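I opened my notebook to keep track of what I looked up, one stop at a time. Here is the model I was working from.

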Amino acid sequence: MPTEDSRGTSPAPLTGHAYEVEVGPVAHGGHCVARTEEGRVLFVRHALPGERVVARVTEGHEDSRFLRADAVEIIEASKDRVEAPCPFSGPGRCGGCDWQHAKPGAQRRLKADVLTEQLARLAGLTPEDVSWDGTVEPVPGDKLPAGEVPAWRTRVQYAVDADGHAGFRRHRSHEVEPVDHCLIAAEEISELGIERRTWPQIASIDAIAASGSTDRQVILTPEPGGRLPLVELDRPVSVLRAEEPRGRSGSRAVHRVHGRPFVRERADGRTWRVGAGGFWQVHTAAADLLVDAVMRGLTPRKGETALDLYCGVGLFAGALADRIGPEGAVLGIESGKRAVEDARHNLADFDRVRVEHGRVDRVLPATGITEADVVVLDPPRSGAGRDTVKLLTALNPRRMAYVACDPAALARDLGYFAESGYRVRFLRAFDLFPMTHHFECLAILEPAAKGA
């Protein structure tokens, strides 16, 4: 927020002001860094490193530490620039995709640069320190001819404008950009035809298409006092009604209107029930890819004791239980009540698997567990944190697999692991969110003394 100066006047807003700048390196968050001739720092979207652009300020005042801006004119283009395939992409338009204007290979290089910078700045680590080859790996099926976009997203949240048209929020805005098609949405989402009808009295629509079955689901959140319309879509679909999020947790009640209150996903040779919009990896190939990578990294052995923390509906817990056999034991911990119910259902055929409900940092000490052989943790975007890392390293596991969706949180936590005597055996990064600035990482950790 701007502050008043000594004369009682607020700093002048710079929104709309244009600067011609040389674009510098990529930064975490889907933008690049540039500086004006006066030394002002700009975070510029729709630009690429090395370009010369006209950047128009979208946020900031005279006394702001930095300004946010959009590249509205490209004076000197990067060789990695392409015309955005999506007609709704660009300055002031849909805020969902960050890198529509970059070649796929360039997008992965930008993500690799972000991870390299975050590791160095927040953990003091180089790619060599974590045995990472410096690449963000593409999903094999996402390699398409130039100009084509992989349709990978099986969970899409639409906002609805005042006229009832479905679309997406503009960047850092509540304004809605109506769309008639989302290029990155999975075909099974597009087939529903959500964008081709109006949604009176509806605030948002969550569309889900299971990648392991024909199940499809829409979750409608009405405006305050709004009523659900009669839902007639182009494919069979279950319908649920959600209330606005309540409290600090942001949780919301979801009620079945008709159809199943869950979808059935398929991964690691098993079927998984995921209820009422619960968490599941968004990319069609992500669940199998990550299970394979995690199990290869951990090499679980028969009879071992394993933990699956932030376990969701039990994906990694099930994979661990299958590999350690009936003589082993697995404990899952998950804070979402609905996800715990699903996990217990999904893992009911494993006698030595149990799932506890609650926060990891509170539940784990209460279990009385004093040691574990292998650990999987897949924390939320904020990361695990120093206290949880201390709890885990005190169990002296021989290996841990850390699945991360945010490179900054990963880097911070790797620093905490180093303080507690654990090093990264190797790290991999996966481009599971093409066209956006997001990507997934996997770090395999082991006691530092083992690698000495």
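**Ground rules.** Two strands pair if DSSP finds at least two bridges between them. Helices (H or I, at least four residues) and strands (E, at least two) are DSSP runs, numbered from the N terminus. The model is predicted, so I noted that local features need pLDDT of at least 70, side-chain atom pairs count only at pLDDT 80 or more, and totals for chains, interfaces and linings use all residues. Residues are numbered from 1 along each chain as its sequence is written, and side-chain values use heavy atoms, with hydrogens and water left out.

**Entry 1, the barrel.** In what order do the five strands close into a barrel? I traced β1-β2-β3-β5-β4, with mixed pairing. Neighbouring strands of this sheet are turned by 55° against each other on average, direction ignored. (Axes are lines fitted to C-alpha atoms, for helices over the stretch in contact, and angles run from 0 to 180 degrees between N-to-C directions.) A reminder to myself: strands of a sheet pair through backbone hydrogen bonds, either parallel or antiparallel.

**Entry 2, strand by strand.** I started with β1 and β2, which pair antiparallel over three bridges; Val26 sits opposite Cys32 in β2. The two strands make a hairpin with three residues between them, and Gly29 in the turn has a positive phi of about 125°. Next, β2 (residues 31–35) is joined to β3 (residues 41–45) by four bridges, again antiparallel, and I found Ala34 opposite Leu42 in β3. Then I checked β1 (residues 18–27) against β4 (residues 52–59): they run antiparallel, with five bridges. Glu20 has Val54 as its bridge partner in β4.

Is Ala276 buried or exposed? I got a relative accessible area of 10%, which means Ala276 is buried (buried is under 20%, exposed over 50%, partly exposed in between, using a 1.4 Å probe and protein chains only). Ala276 belongs to the loop between β15 (270–275) and α3 (286–298). Leaving out residues up to four places away in sequence, Ala276 touches Gln217, Ile219, Leu240, Val254, Pro261, Phe262 and Arg338; contact means heavy atoms within 4.5 Å. I also looked at Gly314, 38 residues along the chain from Ala276, and the C-alpha atoms of the two are separated by 16 Å.

Two packed helices are described by the angle between their axes and the distance between the axes. For α3 and α4 (residues 315–324) I wrote down about 45° and 10 Å. That makes α3 oblique to α4 (under 35 degrees is roughly parallel, over 145 roughly antiparallel, 65 to 115 roughly perpendicular, and the rest oblique). The contact includes Leu290 and Val294 of α3 and Phe316 and Leu320 of α4. By class, this contact has 10 nonpolar, no polar and one charged residues. (Ala, Val, Leu, Ile, Met, Phe, Trp, Tyr, Cys and Pro count as nonpolar, Asp, Glu, Lys and Arg as charged, and the others, Gly among them, as polar.)

Why call α4 largely enclosed by the rest of the structure? Because eight of its 10 residues are buried, among them Phe316, Gly318 and Ile324. After α4 comes Gly325, with a positive phi near 80°.

Last stop: the axes of α7 (residues 386–393) and α8 (residues 407–419) come within 9 Å and cross at roughly 45°. So α7 is oblique to α8. The contact is made by Arg386, Val389, Leu392 and Thr393 of α7 with Asp413, Tyr416, Phe417 and Glu419 of α8. I sorted these residues into four nonpolar, one polar and three charged.
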